[in-house]
Amino acid sequence: MNRVAARWPLLALAAAPLGWLLPEFYLAELSHVLVLAIAALGLTVLTGWTGQVSLGQSAFVAIGGYGHALLLAAGCPFVPALLLAAVLAALAGVAVGLPAIRISGLHLAMVTMACAIVVEHLAGRWSTVTGGHAGLPVAQVQVFGQSLARTTVFYSACVTVLALAWALLAGLLRGATGRAWRALRDAEPAARMAGVPVARYKVAAFALSAALCGLAGALMAHQLRHLTPDAFGLALAIQLLVVVFVGGLGSLGGALLGAALVGLLPQAIAELKPLLPRTLALRTGLEAFVHGAILVFFVLVEPRGLVGLRARWSARPARRRVYARTERGA
Amino acid sequence: MAQVFQLILQGISVGAIYALVALGLVLGYKATETLNFAHGDLVMLGAFLGWWLVVPQAWPFWWALVAVVALVALLAYGLEVQLMRRVIGQPRHVAVLLTIGLGHMLRGATSMAFGPESRMLEAPWQARALRVGGAVVAEAHGVILSAALLVTLALAALLRWSAAGRAMLASAQNQLAARLCGAPVPRLNALAWGLSGAIAALCGMLLAPITLVDASLWLVLVKGFAALVLGGFGSMPGAIAGGLLLGLCEQFAGVYLPDGSRELLPYLLLIGVLVVFPHGLLGETHGRRL
């Protein structure tokens, strides 16, 4: 575990020079994957480590995105605006997490799903602040003297945020916090007996998860350049859950792999379309279908996701991973 | 006064649809202990199939209704037999994700097959109005209400008087005990899913004439969730009461509360009830199953 956690941020740093090698288009796609990965890391904390299934992460992404755009419009520089957006989203996470102490499982999935829909509605309704469905333009800003509108600069910003988030989570996972989270996921009464303050850790997981999603939302704002409520709808929340599950629930590397698979999927489908029969290729809905099919495939064939597939293919016996969910019988 | 009466009638008939959606969800939940997130997509598929049979194929509406209900019921039955039972016993989110994936596939396949644009489905009862007391109600609402009543009564009769129905009730309470008593539990679960699919298709055919046949029809799922939670999770009478109550709340909120609250109300109710009063109106009292 230590080795893995140490290796990944290094890999991310190694990926940074790609920014000056790849063509702009692929770089933009890659940035999209990175943003998705940051939000997926947030969901990993919540669903992977504490076992709270959330279908409402898009709400936190939206709060981060709108908060960031409004702060920038008010003249706040980029980095403080980014951090404040994360704090705003974390506050929203606490607001959702506090009542969520009482509920779990399917109930929590439904409550968070309703939250996502409510936030999307509010973003559309509260048009004096959010611009409503007409949209909110995002100011183009300078970061350390470089314009964020340049693809390479934006890509570097994404890599930096992802690496920092990664290091933070890897550290937390190793320490007492990570142990407490996994304990309350696997056996809440036992964790309580062992003296874990369950409620506090659950709310903390919500706050951290929301903060990461807020960061992703803030970065996404620069990518979209024009915020509309439907960019942060239920579809995004479901997409994030798919990313986390397809990658391998609870694994940091899995979140990145899942983000790569799901984030690059639309482009891959677009590239493959000429190979398909014309009648099929011209139809809309192919993307949703493939999306669903991938999810169904992983649920039925490899519920541990891409990480599990890799472990299955590599010849060496799978390392014992402390953060993998303990198997429980029926 | 006449306005209140009219609102009540409209609320009950819109609520009847939510009640039917929630009823379908409860049936599936009782069988496989998971919420079917693809239920809304079955409703949408029903509406699209109905449109396809009635408009391009020029079938009479009632024949189309029967065919659509049968087809979607078969599909739901097949889904349980082929896929859902494979994930029983795994952590709960796995089954939820499976139904989400199936929902995406259904939605994608539907818009690939029929095209994404929305369309109209004319029903035989279109555009006529009924006078009930002092209020005027669209006949569509009357039809919906009577259909919901019929389905509920038929389901109640099935569960009470048929052997299969009694076995389904037993297996909903305790699958292992039912199995030991000789009830064919896996087949009953599939049957419950088939029934749930039939109800979803019926909802689609009832909804299509009063809204548009559109891919966004699946969102009725969330209204079904709200009705389910309001009535009490896992209770069939609760699902119906919750649906009717939700319909009433929506109608009254549209008139007496500020603009826009009507759209948000179902979701706020869903959140509020689950957080404050998780058992709902008629929820199970023997502890949570979650």
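This is a predicted model: local features need pLDDT of at least 70, side-chain atom pairs count only at pLDDT 80 or more; totals for chains, interfaces and linings use all residues.
The contact between the chains draws 48 residues from chain B and 41 residues from chain A. The area buried between chain B and chain A is about 3,900 Å², and carbon and sulfur atoms give 81% of that area. Across this interface, zero salt bridges are found, and one residue pair is in polar contact. On the side of chain B that touches chain A, the elements giving two or more residues are α4 (92-114), α9 (220-231) and α11 (261-276) of chain B. Of these, α4(B) gives the most, with 16 residues. The residues on this side of chain B comprise 33 nonpolar, nine polar and six charged.

A polar residue in chain A was also examined. A:T47 lies in helix α2 (residues 24-49) of chain A. Because its relative accessible area is 4%, under the 20% limit, A:T47 is classed as buried. A polar atom of the A:T47 side chain lies 3.0 Å from the backbone oxygen of A:Q52. Leaving aside neighbours within four places in sequence, A:T47 is in contact with A:Q52, A:V53, A:S54, A:L241 and A:L249.

Note on methods:
Residues are numbered from 1 along each chain as its sequence is written. Chains are lettered from A and ligands numbered from 1 in the order in which they are written. Side-chain values use heavy atoms; hydrogens and water are left out. Contact means heavy atoms within 4.5 Å. Buried area is the accessible area (1.4 Å probe) that two parts lose on being put together, summed over both. A salt bridge is a side-chain nitrogen of Lys or Arg within 4 Å of a carboxyl oxygen of Asp or Glu. A polar contact is a pair of N or O atoms within 3.5 Å; within protein, one must be able to donate a hydrogen and the other to accept it, and residues adjacent in sequence count only if both atoms are side-chain atoms. Helices (H or I, at least four residues) and strands (E, at least two) are DSSP runs, numbered from the N terminus. Ala, Val, Leu, Ile, Met, Phe, Trp, Tyr, Cys and Pro count as nonpolar, Asp, Glu, Lys and Arg as charged, and the others, Gly among them, as polar. Buried means under 20% relative accessible area, exposed over 50%, partly exposed in between (1.4 Å probe, protein chains only).
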